[in-house]
Amino acid sequence: MFHRFYPAEMAESSYSIDYEELYRQGYRGLIYDIDNTLVEHGADANSEVIELFRRLNKIGFRICLLSNNQAPRVRRFYRGVNIPGVHLHYIFDAHKPSRKSYRKAMRIMRTNKRNTVFIGDQIFTDIYGANRAGIRSMLVKPINKNEEIQIVLKRRLERIIMHFYKKEKLERMKHGNIVLIGFDGCGKYEIGKLLAERCNMDFLDTNETLAEKLGKDPSEIMKEHGEDYFREAEYELVCHLGRKAKRMVISAGGGIPTSVINQKKLRQMGEVIYLKAKAETILPALRADSSRPFFYSNNREDEIMRLIGERNFAYQVTCHKVVNVDDHSVSENAAEIQRIMG
Ligand SMILES: [Mg+2]
């Protein structure tokens with residue numbers, strides 16, 4: 001239930017991140033929180049920040065400061081780093097975790113969700129906002145350990161969340177699977193198969209496995225025995241995979257992440273990637289495939305649209321990372337997953 005607050009990664013400090021590696025992975029934009037991320041709360045820019053930004057510009061990064069603080073504080077900091085050889089942007093009064101300012105930062109830098117990283121020290125504003133905006137989020141340890149009382153209280157809550165985060169991460173690393181989720185028609189099967197081939201991993205599609213096990217297609221199983229029967233079979237398979245699957249690429253049936261218990265099991269199984277697609281991408285793919293389960297064949301577009309909206313929420317809270325698949329080939333999307341997995 002805390003998933004939405006989990007950072008994609010953690011780093012000791014903004015100054016110890018391997019930025020050359022980030023650039024090599026294709027990242028071009030960096031969004032920074034200021035207070036306790038770059039300098040102590042309220043402090044001016046120092047030579048360490050200037051050196052860092054100069055280096056980042058040289059590597060080829062665009063930089064934007066994103067602070068919930070007001071104009072005077074942010075401008076003062078900006079003036080301190082705005083020297084020849086350093087180029088950056090700033091946004092004050094950002095209302096993090098609102099998505100708006102993250103989007104604005106990307107617009108200013110002319111970067112996008114795929115090639116931007118956010119770096120900050122607070123979970124409920126910085127990280128939560130970046131996650132909501134669909135940007136890779138990095139949590140750094142606060143520079144100053146002695147903080148104001150209202151922040152101290154927040155830090156206690158953060159510690160609880162980080163406890164669960166670390167526990168889940170250990171579990172996930174033990175299994176080492178990549179789990180692909182998303183609406184039917186988003187390309188999970190094709191992308192997963194190619195990804196497995198490239199990573200030299202085994203591939204499993206839950207619908208295929210269930211069809212083999214039960215001797216019928218999912219659509220037939222649902223028609224004959226009802227949806228509950230099928231969901232139960234899916235749940236059993238998920239439990240089985242949770243125990244047995246190691247280093248596999250798993251394409252999970254579109255309905256699996258809709259149950260809370262499955263969400264948890266998928267996340268423990270491995271890195272969960274949501275292949276997010278617009279309805280315009282999904283609908284033609286569904287129409288072209290007559291083997292899809294029940295409702296799709298009836299051509300009820302409004303029904304499918306409603307379902308996409310509903311499931312989008314379940315997918316968002318289940319996944320560790322999102323890959324927007326629209327307008328990209330199967331090969332490009334598989335490469336993107338490899339890239340974000342490092
Ligand atoms: Mg901060």
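Biologist: In which loop is the place of Asp 327?

Modeller: Asp 327 sits in the loop between strand 11 (321-324) and helix 14 (330-340). Helices (H or I, at least four residues) and strands (E, at least two) are DSSP runs, numbered from the N terminus. Residues are numbered from 1 along each chain as its sequence is written. This is a predicted model, in which local features need pLDDT of at least 70 and side-chain atom pairs count only at pLDDT 80 or more, while totals for chains, interfaces and linings use all residues.

Biologist: What is the phi of Asp 327, and is Asp 327 buried or exposed?

Modeller: Its phi is positive, about 60°, although Asp 327 is not a glycine. A residue is buried if 20 or more other C-beta atoms, placed from the backbone, lie within 10 Å of its own, exposed if 12 or fewer, and partly exposed in between. Asp 327 has 9 such atoms within 10 Å, so it is exposed.

Biologist: Which phi does Asn 200 have, and where does Asn 200 lie?

Modeller: Phi of Asn 200 is near 55°, a positive value in a residue other than glycine. Asn 200 belongs to the loop between helix 7 (188-199) and strand 8 (202-205). Asn 200 counts as exposed because it has 7 C-beta neighbours inside 10 Å.

Biologist: Which residues does the cis peptide bond join?

Modeller: The bond joins Lys 96 and Pro 97, with omega about 15°. Pro 97 is in the loop between strand 4 (89-91) and helix 4 (99-109).

Biologist: How is the protein divided into domains?

Modeller: There is a domain 1 (3-167) and a domain 2 (176-340); such bounds come from an automatic or database domain assignment. Their C-alpha centres lie 33 Å apart. Seven residues from domain 1 and five residues from domain 2 make the contact, where two residues are in contact if their C-beta atoms, placed from the backbone, lie within 7 Å. On the side of domain 1 that touches domain 2, one residue is nonpolar, four are polar and two are charged. Here Ala, Val, Leu, Ile, Met, Phe, Trp, Tyr, Cys and Pro count as nonpolar, Asp, Glu, Lys and Arg as charged, and the others, Gly among them, as polar.

Biologist: What is the order of the open sheet of six strands?

Modeller: Strands of a sheet pair through backbone hydrogen bonds, either parallel or antiparallel. In this sheet the order is 1-6-5-2-3-4, with parallel pairing; two strands pair if DSSP finds at least two bridges between them. Strand 1 (9-11) and strand 4 each have a single partner strand, so one side of each has no neighbour in the sheet. The twist from one strand to the next averages 25°. Angles run from 0 to 180 degrees between N-to-C directions, with axes as lines fitted to C-alpha atoms, for helices over the stretch in contact.

Biologist: How many bridges pair strand 3 and strand 4?

Modeller: Strand 3 (residues 62-66) and strand 4 pair over three bridges, in the parallel sense. Cys 64 stands opposite His 89 in strand 4. Helix 4 packs on the sheet, touching strand 2 (29-32), strand 3, strand 4 and strand 5 (116-120), and its direction makes about 150° with that of strand 3. Helix 5 (residues 123-133) lies across strand 5 and strand 6 (136-140), at about 160° to strand 6.

Biologist: Which residues touch the most other members of the largest nonpolar core?

Modeller: In soluble globular proteins, nonpolar side chains tend to be buried together. A nonpolar core is a set of buried Ala, Val, Leu, Ile, Met, Phe, Trp, Tyr and Cys residues joined through C-beta atoms within 7 Å. The largest one has 39 residues, of which Tyr 32, Cys 64, Leu 66 and Tyr 102 touch the most other members. Apart from it lies another core, of 36 residues, including Cys 186 and Tyr 315. Leaving aside neighbours within four places in sequence, the contacts of Cys 64 include Ile 31, Leu 88, Ala 105 and Met 109.

Biologist: Is Leu 38 buried or exposed?

Modeller: Leu 38 is buried because it has 27 C-beta neighbours inside 10 Å. Leu 38 lies in the loop between strand 2 and helix 2 (47-59). Not counting residues up to four places away in sequence, Leu 38 touches Ser 14, Tyr 32 and Val 49. Leu 38 and Asp 121 are 83 residues apart in sequence, and 9.2 Å apart in space from C-alpha to C-alpha.

Biologist: Which order does the open sheet of five strands have?

Modeller: Its order is 8-9-7-10-11, and the pairing is parallel. Strand 8 and strand 11 are the edge strands, each pairing on one side only. Neighbouring strands are turned by 20° against each other on average, direction ignored. Strand 7 (residues 177-181) and strand 9 (residues 248-251) run parallel and are joined by three bridges. Val 179 stands opposite Ile 250 in strand 9. Helix 8 (residues 206-214) packs on the sheet, touching strand 8 and strand 9, and its direction makes about 70° with that of strand 8. Helix 11 (residues 260-269) lies across strand 7 and strand 10 (270-276), at about 140° to strand 7.
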